[in-house]
Amino acid sequence: MDAQGMTKSNPMAGVDELDASSLDADAMKLAEMGYKQDLKRNYTVLSVLGVGFSLTNSWWGISAALITGINSGGTVLIVYGIILLALISTCVGISLSELASAYPNAGGQYFWANELAPRRYANFASYLTGWLAWAGSIFTTASVALGTGAACVGCYQLSHPD
């Protein structure tokens, strides 16, 4: 069983034994690729949207750190910096989507680092990628907490000016 909860098997092996009407389109696609679905997919659209929002909510965390850019380079740095970073982020997103289509796996970046790095460095690259992703999540969470606290204090100060 791999990280996605599927076992590798011969392509279409056992599909003839199963009633084709009992398989959904995803299970049929997995069977065509040589996998048998072992785990149930029980996510609703709302739960997938919730996970997606929580993963992409880094803008709130980044916005809490904008004061550093305003103090360092002013609004010009912020405007052109956001445009440049949006371009770079788009390129990274396109690269990750190509990797996801070529190597579909629930592991994501650490799996890709293990598969694409030279064999000598594969384990270390995978380990380092996992730890850096974890550290990024922790720092973004801390920044979101800081931004939320600062927003709450600002709202309190607006309502209590003395």
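In which strand does Gln 37 lie? The points below take up this residue after some remarks on the model as a whole.

1. Model and confidence. The structure is a predicted model. Mean pLDDT for the chain is 79, with 78% of the residues at 70 or more. Residues 11-17 have pLDDT below 50, and this stretch makes eight contacts in the model beyond near neighbours in sequence.

2. Overall make-up. Seven helices and two strands are assigned in the chain. Read from the N terminus, the order of elements is β-α-β-α-α-α-α-α-α. Of the 162 residues, 14% count as buried. As for contacts between residues at least 6 apart in sequence, 50% of them join residues at least 24 apart.

3. Gln 37. The answer to the opening question is strand E2, which covers residues 35-37 and includes Gln 37. The relative accessible area of Gln 37 is 25%, so the residue counts as partly exposed, given that buried means under 20%. Asp 26 is 11 residues away from Gln 37 along the chain, and the C-alpha atoms of the two are separated by 8.9 Å.

4. Packing of H5 and H6. Helix H5 spans residues 74-102 and helix H6 residues 109-116; the two pack at an angle of about 75°, their axes being 11 Å apart. H5 is therefore roughly perpendicular to H6, since angles of 65 to 115 degrees fall in that class. On the H5 side the contact is made by Leu 96, Leu 99 and Ala 100, and on the H6 side by Gln 109, Trp 112 and Leu 116. By class, this contact has five nonpolar residues, one polar residue and no charged ones.

5. Aromatic pairs. The structure holds two aromatic pairs. One of them is formed by Trp 131 and Trp 134, with 5.1 Å centre to centre and 80° between the planes, and is edge-to-face. That label applies because planes over 60 degrees apart count as edge-to-face. Through ring pairs, Tyr 127, Trp 131 and Trp 134 are linked into a cluster.

How values were computed: Residues are numbered from 1 along each chain as its sequence is written. This is a predicted model: local features need pLDDT of at least 70, side-chain atom pairs count only at pLDDT 80 or more; totals for chains, interfaces and linings use all residues. Side-chain values use heavy atoms; hydrogens and water are left out. Axes are lines fitted to C-alpha atoms, for helices over the stretch in contact, and angles run from 0 to 180 degrees between N-to-C directions. Helices (H or I, at least four residues) and strands (E, at least two) are DSSP runs, numbered from the N terminus. Angles under 35 degrees count as roughly parallel, over 145 as roughly antiparallel, 65 to 115 as roughly perpendicular and the rest as oblique. Contact means heavy atoms within 4.5 Å. Ala, Val, Leu, Ile, Met, Phe, Trp, Tyr, Cys and Pro count as nonpolar, Asp, Glu, Lys and Arg as charged, and the others, Gly among them, as polar. Buried means under 20% relative accessible area, exposed over 50%, partly exposed in between (1.4 Å probe, protein chains only). Rings of Phe, Tyr and Trp (its six-membered ring) pair if their centres lie within 6.5 Å; planes under 30 degrees apart count as stacked, over 60 as edge-to-face and the rest as tilted. pLDDT is the predictor's confidence in each residue, from 0 to 100.
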